[in-house]
Protein chains: 2
Amino acid sequence: MTITDGRRARGATSRSAVMRHAVDLASTDGLEGLSIGRLAAAASMSKGGVVALFGSKEQLQLATVAAACEVFAATVVSPALQQPRGLARVRSLAELFLRYSEQRTFAGGCFFAAASAELGSRPGPVHDAVAAAMRDWHGFLRGSIVRAVEAGELSGVDPEQLAFELTALLDGANRMSLLFDSAEPYRRASVAINRLLA
Amino acid sequence: MTITDGRRARGATSRSAVMRHAVDLASTDGLEGLSIGRLAAAASMSKGGVVALFGSKEQLQLATVAAACEVFAATVVSPALQQPRGLARVRSLAELFLRYSEQRTFAGGCFFAAASAELGSRPGPVHDAVAAAMRDWHGFLRGSIVRAVEAGELSGVDPEQLAFELTALLDGANRMSLLFDSAEPYRRASVAINRLLA
DNA sequence: CCTACCGATCGGTAGG
DNA sequence: CCTACCGATCGGTAGG
């Protein structure tokens with residue numbers, strides 16, 4: 001027996017439409033700066049409508065983090081899966097991340113860099129969701145490095161240590177590019193990463 | 001002829017007392033989240049009093065950035081000047097930065113990491129003040145590296161490139177330690193920095 | 001999904 | 001430095 005609930009289908013469509021605005025607003029103004037009123041205005045909707053869709057600001061923030069995860073997965077992780085396991089995939093992940101940041105997939109640069117800086121020292125469910133997303137990403141990167149080590153393409157390497165250094169360089173390039181409005185940090189990061197993966 | 005303006009002297013004392021609270025609030029809640037009302041409450045003062053001392057929120061933010069610069073200079077830069085020019089000073093700067101972050105000199109970790117992430121994509125005088133502070137710090141680090149190269153203590157090194165990599169590792173350690181509430185990133189950063197400076 | 005409304009807080013001003 | 005106040009906006013509720 002199929003339930004044909006038109007309201008639920010419309011709700012899902014509305015949610016994803018509003019979500020696009022939410023992710024953009026949060027990437028520039030932060031998850032705390034993402035207000036229900038301004039989001040409603042951006043989505044040409046009433047405040048009550050946004051509240052009806054998401055319930056509370058915290059749930060809106062959690063939905064926004066989840067939506068950003070999907071964008072990140074589609075932009076960085078999925079394309080890298082087209083590459084064979086091992087060093088090629090590690091290189092691909094680094095390059096795709098730099099492109100994702102440089103092309104300003106999110107208006108305010110890497111969504112997770114902004115979110116983790118904003119929530120780094122404030123406990124709560126939203127902090128935990130951001131930390132979990134970062135853990136997933138680090139874990140995926142580290143796993144990819146492990147494959148490269150197993151294949152003998154990287155020798156004398158501690159995967160955890162290399163994962164730390166790669167993410168530091170990727171995030172550093174994102175931050176400095178935003179702060180100084182320059183593309184040079186991306187080239188600096190590439191140079192360092194190529195040396196680490198040589 | 002000496003001007004003895006008791007009000008001005010009292011104003012300066014009050015300002016620096018309020019400033020200490022402002023820097024702490026901004027390091028956890030961000031420069032935008034630093035509200036005049038909560039700062040007044042933290043300093044046991046009326047809102048009007050805070051406004052009288054600083055004039056506007058933007059001027060309060062600028063004063064807060066300046067105060068954070070002084071703390072950073074006293075905690076990281078000045079002690080490093082005790083070391084002789086060259087590689088010893090570069091090592092000292094890196095170690096002092098990691099200690100400054102790990103000891104939570106600011107409640108929310110490195111003040112400038114938080115501020116630059118928050119204001120990275122929002123133009124204005126406060127953004128410019130933060131960017132200028134970061135530029136000074138990078139310039140000092142790069143200059144210290146140049147001395148080490150000139151002294152023959154670092155060979156085959158591009159100072160600009162090395163400065164980028166060091167700051168990426170230092171900021172990366174700060175961010176990951178805050179996000180995951182762990183001291184491990186500091187050890188990872190030390191390992192990488194020791195290799196770069198070997 | 002809407003309108004209408006709630007109490008709280010925002011940055012800032014007036015006047016002393 | 002204070003009190004008293006301004007209009008705007010905040011997150012959220014009520015009722016439909």
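Student: So a polar contact is a pair of N or O atoms within 3.5 Å (within protein, one must be able to donate a hydrogen and the other to accept it, and residues adjacent in sequence count only if both atoms are side-chain atoms); what does Lys47(A) reach on DNA strand D?

Tutor: A polar side-chain atom of Lys47(A) lies 2.9 Å from a base nitrogen of DNA strand D. This is a predicted model, in which local features need pLDDT of at least 70 and side-chain atom pairs count only at pLDDT 80 or more, while totals for chains, interfaces and linings use all residues. Residues are numbered from 1 along each chain as its sequence is written, chains are lettered from A in the order in which they are written, and side-chain values use heavy atoms, without hydrogens and water.

Student: Switching topic, how many residues does each chain put into the A–B contact?

Tutor: With contact meaning heavy atoms within 4.5 Å, chain B and chain A each give 39 residues.

Student: How many salt bridges cross it?

Tutor: There are six between chain B and chain A, counting a side-chain nitrogen of Lys or Arg within 4 Å of a carboxyl oxygen of Asp or Glu. One of them joins the side chains of Arg175(B) and Asp171(A), at 2.7 Å from N to O.
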